[in-house]
Amino acid sequence: MERPIIDEHTRVLVMTGAGISAESGLATFRGAGGLWAGQPVERVATPEGFAADPALVWRFYSQRRAQAAAAVPNRAHRALAALEDRLGDRFLLATQNVDGLHQRAGSRRVVEMHGSLWRTRCAVCPAPPFDDRTPVEPPLPRCTRCGGLLRPAIVWFGELLDAADMRRIERFIVGSSPGRAPLVFLAVGTSGNVWPAAGYVGMARSVGAVTWLVNLEAAENVGAFDHFVQGPAGEVLARLLGVDDAV
Ligand code: BV8
Ligand code: ZN
């Protein structure tokens with residue numbers, strides 16, 4: 001198998017999506033049996049959907065909290081944690097996932113671009129998000145500060161990603177350069193549908209990165225990648241990254 005060149009200068013930016021958690025038994029969004037198949041995205045992953053039916057949205061996210069709590073990280077999550085152990089601050093993981101499985105596999109340098117299932121925040125005031133692992137049932141919980149409804153601390157469609165998160169990813173990319181610190185950009189288990197996550201491969205290419213996609217099928221933005229390795233992440237990733245002895 002052809003592998004990315006990762007030497008003592010190489011920096012690696014990894015972008016993961018729902019596909020990396022598929023082998024842990026968690027549903028992806030698109031494709032057969034996907035999360036959006038059961039629930040139209042507009043009703044459960046937009047601020048308008050929450051305003052229209054907060055109990056429905058909390059049922060959707062409470063189910064996902066229960067499923068994610070019962071899931072365990074798979075070989076692909078462990079392979080990325082092993083690579084981070086080897087590269088240290090030359091590694092960054094930007095995930096679209098909200099299930100927390102990367103952290104449970106040992107990853108520390110993680111940017112949760114779309115928020116986290118394990119945090120709740122006020123839908124009305126700027127009270128800080130707080131850790132929350134409980135399934136939510138009506139009567140729906142309210143903010144102790146302003147009385148507003150609480151909501152999952154998740155970035156929904158039509159909502160801005162956290163500016164500090166995006167700056168951290170962009171700084172990691174622009175801090176790389178072909179001569180000094182070559183960049184490998186690796187996307188795993190994502191259909192390349194959702195922006196701005198789908199756009200980072202283009203930014204990486206603009207600084208001369210070598211780009212790799214590991215996915216079960218050709219993603220929407222597969223043309224943006226220098227290399228496409230088709231297959232299940234749990235099987236492919238450890239070998240591709242040369243960490244199979246560690247996972
Ligand atoms: C924003 C909530 C400002 C959390 C999510 C530019 C162009 C077009 C549209 C836009 C644009 N800029 C903004 C937009 C609008 C929108 C967007 O991108 N729409 C798309 C759908 C057209 N973006 C936004 O609204 C973002 N906000 O930009 O604000 C703005 C707003 C409006 C207009 C302009 C600017 C906010 C985006 C975040 C939305 N929140 N989820 C949750 O509930 O989880 S996104 C949701 O999709 C999840 O977070 C998920 O992670 C993400 C991406 O999906 P994937 O992870 O890729 O999962 P998917 O199922 O699609 O694919 C899985 C892949 O894995 C498949 O390819 C499969 O083959 C593969 N696979 C399966 N098993 C395996 C595997 N691979 C390997 N191994 C396996 N075993
Ligand atoms: Zn509040």
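Modeller: A charge sits over a ring if NZ of Lys or CZ of Arg is within 6 Å of the ring centre and within 35 degrees of the ring normal. Keep that in mind for this predicted model.

Colleague: Over which ring does the charged end of Arg151 sit?

Modeller: The charged end of Arg151 lies 3.9 Å from the centre of a ring. That ring belongs to Trp156.

Colleague: Is Trp156 buried or exposed?

Modeller: Buried means under 20% relative accessible area. Trp156 has 3% relative accessibility, so the residue counts as buried.

Colleague: How many aromatic pairs does the structure hold?

Modeller: Rings pair if their centres lie within 6.5 Å. By that rule, the number of aromatic pairs in the structure is four.

Colleague: Are the rings of Phe50 and Trp156 stacked, edge-to-face or tilted?

Modeller: Their centres are 5.5 Å apart. Planes under 30 degrees apart count as stacked, and over 60 as edge-to-face. Here the planes are at 35 degrees, so the pair is tilted.

Colleague: How many residues apart in sequence are the parts that Phe50 and Trp156 tie together?

Modeller: Phe50 lies in helix H3. Trp156 lies in the loop between strand S6 and helix H7. The pair therefore ties together parts whose separation in sequence is 106 residues.

Colleague: What kind of aromatic pair do Phe60 and Tyr61 form?

Modeller: The distance is 4.9 Å centre to centre. Planes over 60 degrees apart count as edge-to-face. With 80 degrees between the planes, the Phe60 and Tyr61 pair is edge-to-face.

Colleague: Which residues form one aromatic cluster?

Modeller: Both pairs above belong here. The cluster is formed by Phe50, Phe60, Tyr61 and Trp156.

Note on methods
Residues are numbered from 1 along each chain as its sequence is written. Chains are lettered from A and ligands numbered from 1 in the order in which they are written. This is a predicted model: local features need pLDDT of at least 70, side-chain atom pairs count only at pLDDT 80 or more; totals for chains, interfaces and linings use all residues. Side-chain values use heavy atoms; hydrogens and water are left out. Rings of Phe, Tyr and Trp (its six-membered ring) pair if their centres lie within 6.5 Å; planes under 30 degrees apart count as stacked, over 60 as edge-to-face and the rest as tilted. Helices (H or I, at least four residues) and strands (E, at least two) are DSSP runs, numbered from the N terminus. Buried means under 20% relative accessible area, exposed over 50%, partly exposed in between (1.4 Å probe, protein chains only).
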